[in-house]
Amino acid sequence: MKLWGGRFEKGVNNLVNDFNSSIKIDSRMYKEDIIGSLAHVKMLGKQNIISKKDSEKIYDGLNTILKRLENNVIKIDECAEDIHSFIESTLTYYIGDEGKKLHTGRSRNDQVTLDTKLYLKKYLVQICNDILNLQFILYKIANENIKTIMPGYTHMQKAQPITFAHHILAYCEMFKRDLSRVLDCYKRLDEMPLGSGALATSTYLLDRNLVANELGFSKITLNSLDSVSDRDYVIETLSCLSMIMMHLSRFSEEIILWCTNEFNFIELSDEYSTGSSIMPQKKNPDVAELVRGKTGRVYGDLITMLTVMKGIPLAYNKDMQEDKEALFDGLDTVSLSLRTFSGMIETMKINKDVMKKGASLGFTNATDVADYLVKKGMAFRNAHEIVGEIVLYCIKENISIEELPLEVFKNFSPIFDNDIYEAIDLITCVEERKVFGGPSLTSIKAQLLSLLEFINERKEYVKCLK
């Protein structure tokens with residue numbers, strides 16, 4: 001049954017029916033559609049827009065349909081135009097003509113927006129929990145590796161020694177911002193649109209605040225034109241999801257590098273790796289590679305919505321039906337990526353000795369040699385030049401800085417003394433960086449404490465979201 005047709009003399013072409021149908025995409029919102037309808041019909045009865053008897057009959061009918069859908073007694077008809085028409089026609093089939101009163105005072109325009117917001121609110125809570133779960137896994141890994149020395153990089157060249165905990169905690173900061181953005185997005189979409197009608201509200205005395213309270217929205221939308229034509233919340237969600245994927249992709253790139261034979265910093269669990277159909281020795285980081293690849297897919301979902309919305313006049317236009325496929329794909333992809341990535345990270349083996357050996361190569365303590373000279377009274381620019389000459393000498397002699405005899409150090413500057421060897425020891429190089437935010441033990445412990453407080457506080461906050 002279509003929700004329209006009285007004005008038409010001819011039936012719609014079958015190809016147009018298929019083209020117009022969205023049931024295969026929006027059927028996942030059946031629960032939200034029924035919950036929204038329950039609140040709507042309750043309000044209609046309370047406002048005497050329909051009789052209390054009809055309101056109660058519709059209410060009971062909707063609850064019956066919900067239970068039967070969830071118990072697979074009723075199957076969603078994919079020949080229906082959309083989930084909204086399917087629910088209403090099923091209701092009318094079950095309870096009779098009273099079911100036709102359900103749509104009093106609303107349009108599919110505000111109904112669709114309501115369903116999407118209800119679904120999105122629920123899914124964003126799941127995304128928040130996925131991020132928090134990943135952060136707690138990273139917290140545990142960092143806590144176990146506060147003394148695991150590794151090389152830090154700039155331009156993919158070894159730069160200075162840090163700890164694995166310091167490196168991991170950098171990603172935790174990214175995921176903190178991701179969580180913050182998702183929660184901000186949740187606040188902005190938490191406005192109830194039902195009652196906006198097709199674009200100009202209704203002549204019935206609808207109580208929109210009653211519906212908003214019933215559905216757990218913090219407020220109602222203020223302009224009916226904007227209410228039905230707004231998809232900012234979809235675009236903002238996809239923007240947040242794109243940034244989450246960007247961070248996961250950066251992390252994945254490092255995982256892929258670290259498990260190569262050339263790095264050998266980590267080994268991924270067999271559970272999160274695959275082999276080759278021709279090369280028996282291969283152990284491929286497919287999870288990390290797929291996360292990296294799926295990032296482009298989520299970017300595409302965002303670009304889809306930006307493009308769909310860029311030229312649409314007020315108010316609703318059919319173009320906007322394209323929002324849900326992009327939104328659902330982005331949500332599903334990010335949630336699956338977060339969960340799979342979390343399992344991969346949690347089960348990986350860390351080769352601590354290899355990491356430390358990697359930090360001892362590539363002159364990562366060169367800056368500390370310059371700092372040593374500065375602390376002895378030399379201007380930094382002069383110290384920088386001298387250490388550059390020392391590095392060049394070491395490259396030619398194929399030795400590390402710490403292998404230089406003291407007399408060779410003194411050839412470059414008489415300031416050098418025996419204490420240079422302690423100053424450029426990797427442990428010293430890390431521990432002397434006591435500035436807050438750095439890799440020293442004191443700094444890392446403070447960062448870990450802050451992270452754990454953040455996780456616990458946000459977990460409690462997310463639990464309270466409706």
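**Helix packing and local backbone features in the predicted model**

Helix α12 (residues 323–347) comprises 25 residues and spans 37 Å from its first C-alpha to its last, close to the 36 Å expected at 1.5 Å a residue, where the expected span is 1.5 Å times one less than the number of residues. Helices (H or I, at least four residues) are DSSP runs, numbered from the N terminus. Of the 25 residues in α12, 18 are buried, and the helix is thus mostly covered; buried denotes under 20% relative accessible area, exposed over 50%, and partly exposed the range in between, with a 1.4 Å probe and protein chains only. The model is predicted, and local features accordingly need pLDDT of at least 70, side-chain atom pairs count only at pLDDT 80 or more, and totals for chains, interfaces and linings use all residues. Residues are numbered from 1 along each chain as its sequence is written, and side-chain values use heavy atoms, with hydrogens and water left out.

Two packed helices are described by the angle between their axes and the distance between the axes. Axes are lines fitted to C-alpha atoms, for helices over the stretch in contact, and angles run from 0 to 180 degrees between N-to-C directions. Helix α6 (residues 108–143) packs against helix α19 (residues 441–463) at an angle of about 160°, the axes being 10 Å apart. This makes α6 roughly antiparallel to α19, a term applied to angles over 145 degrees. The crossing of α6 past α19 is left-handed, that is, the near helix is turned anticlockwise from the far one by less than a right angle. By class, the contact of α6 with α19 holds twelve nonpolar, three polar and two charged residues; Ala, Val, Leu, Ile, Met, Phe, Trp, Tyr, Cys and Pro count as nonpolar, Asp, Glu, Lys and Arg as charged, and the others, Gly among them, as polar.

Helix α6 also packs with helix α7 (residues 164–189), their axes coming within 10 Å and crossing at roughly 165°. The helices α6 and α7 are therefore roughly antiparallel to each other, and their crossing is left-handed. The contact of α6 with α7 contains 22 nonpolar, one polar and four charged residues.

Within α19 lies Q447, which is buried with a relative accessible area of 14%. The C-alpha atoms of Q447 and A165 are separated by 9.8 Å, although the two residues are 282 residues apart along the chain. Beyond its neighbours within four places in sequence, Q447 contacts H166, L169, G437 and G438.

Particular backbone geometries occur in several loops. A cis peptide bond, with omega of about 5°, joins L314 and A315, and A315 is placed in the loop between α11 (286–309) and α12. N72, a residue other than glycine, has a positive phi near 60° and lies in the loop between α4 (52–70) and α5 (83–95). N398, likewise not a glycine, has a positive phi of about 60°; N398 belongs to the loop between α15 (380–397) and α16 (406–412) and is exposed, with a relative accessible area of 70%.

Conventions: Helices (H or I, at least four residues) and strands (E, at least two) are DSSP runs, numbered from the N terminus. Angles under 35 degrees count as roughly parallel, over 145 as roughly antiparallel, 65 to 115 as roughly perpendicular and the rest as oblique. Contact means heavy atoms within 4.5 Å.
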